[in-house]
Amino acid sequence: MFSRVCVICTGNICRSPMGEALLRERAGDRLSEVYSAGTGALIGHPADPMAVELMQARGVDIGSHRAQQATSGVLQRADLLLVLDGSHLSWIHHQHPQMRGRSFRLLHWRGEADVPDPYRQPRQAFAHALELIEQGVDDWLARI
């Protein structure tokens with residue numbers, strides 16, 4: 001079924017690193033590879049300090065994360081692409097139409113909802129995004 005999953009957001013410094021880490025941690029050995037990328041990645045930048053802090057509070061270290069662009073090679077490596085909002089899905093469908101059948105919203109099982117981007121927002125926005133990401137990760141793991 002699925003063994004390699006890529007989580008995608010915009011800058012690859014807030015939502016997707018949190019989703020990647022949670023998915024990897026909760027999947028155990030069910031997935032061979034979990035990684036993340038951005039549609040407009042801040043290439044080489046670390047995860048946002050607020051994302052790092054919230055993940056550390058859950059016992060998950062994302063301090064070594066570095067943002068990467070969602071290139072054709074990065075995307076094609078995955079069996080499943082989980083995006084954080086509709087703009088990412090549209091971007092993939094337009095830029096990489098061959099990935100259409102592998103691309104879904106993280107909150108696919110929750111009415112195709114979006115996870116709002118917390119970038120440059122207060123802690124509350126990051127906490128809300130992380131809560132939604134956790135729900136989406138758990139929903140997907142129940143099905144893969």
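Visitor: Is R120 buried or exposed?

Guide: Please keep in mind that this is a predicted model. A residue counts as exposed when its relative accessible area is over 50%. The relative accessible area of R120 is 70%, so R120 is exposed.

Visitor: Where is R120 found, and what is its phi?

Guide: R120 is found in the loop between β4 and α5. Most residues other than glycine have a negative phi. R120 is not a glycine, and yet its phi is positive, at about 60°.

Visitor: E112 is not a glycine and has a positive phi of about 60°; is E112 buried, exposed or partly exposed?

Guide: E112, with that positive phi of about 60°, is found in the loop between β4 and α5. Residues under 20% relative accessible area are buried and those over 50% are exposed, with partly exposed in between. The relative accessibility of E112 is 31%, so E112 counts as partly exposed.

Visitor: How is the aromatic pair of F104 and W140 arranged?

Guide: The structure holds two aromatic pairs. In the pair that F104 and W140 form, the rings lie 5.7 Å apart from centre to centre, with 50° between the planes. Planes under 30 degrees apart count as stacked and those over 60 as edge-to-face, so an angle between these limits makes a pair tilted. The pair of F104 and W140 is therefore tilted.

Visitor: Which parts does this pair tie together, and which residues are linked into a cluster by ring pairs?

Guide: F104 belongs to strand β4 and W140 to helix α5, so their pair ties together parts that lie 36 residues apart in sequence. F104 is partly exposed, with a relative accessible area of 27%, whereas W140 counts as buried at 4% relative accessibility. The cluster linked by ring pairs is made of F104, W109 and W140.

Visitor: What else pairs with β3, and which residues cover its two faces?

Guide: β1 and β3 pair in the parallel sense over four bridges, and C6 has L81 as its bridge partner in β3. In a regular strand the side chains alternate between the two faces of the sheet. Both faces of β3 are covered, and the buried residues are L80 and L82 on one side, with L81 and V83 on the other.

Visitor: Which residues touch the most other members of the largest nonpolar core, and which element gives the largest share?

Guide: This core has 35 residues, and those that touch the most other members are M18, L23, M55, I62 and I133. Elements giving two or more residues to the core include β1, α1 and α2. The largest share, eight residues, comes from α5.

Visitor: How many residues of α1 are buried?

Guide: The buried residues of α1 include P17, M18 and A21, and these three are also among the residues that I62 touches. What covers the buried residues of α1 includes β1, α2 and α5. Helix α1 is mostly covered, and the number of its 13 residues that are buried is 10.

Note on methods
Residues numbered from 1 in each chain as written. Predicted model: local features only at pLDDT ≥ 70, side-chain atom pairs only at ≥ 80, totals over all residues. Heavy atoms only, no water. Core = buried A, V, L, I, M, F, W, Y, C linked by side-chain atoms within 4.5 Å. Buried < 20%, exposed > 50% of the residue type's maximum accessible area, 1.4 Å probe, protein only. Contact = heavy atoms within 4.5 Å. Pairing = 2+ DSSP bridges. Phe/Tyr/Trp six-rings, centres within 6.5 Å; stacked < 30°, edge-to-face > 60°. Lists of a residue's contacts leave out its neighbours within four places in sequence.
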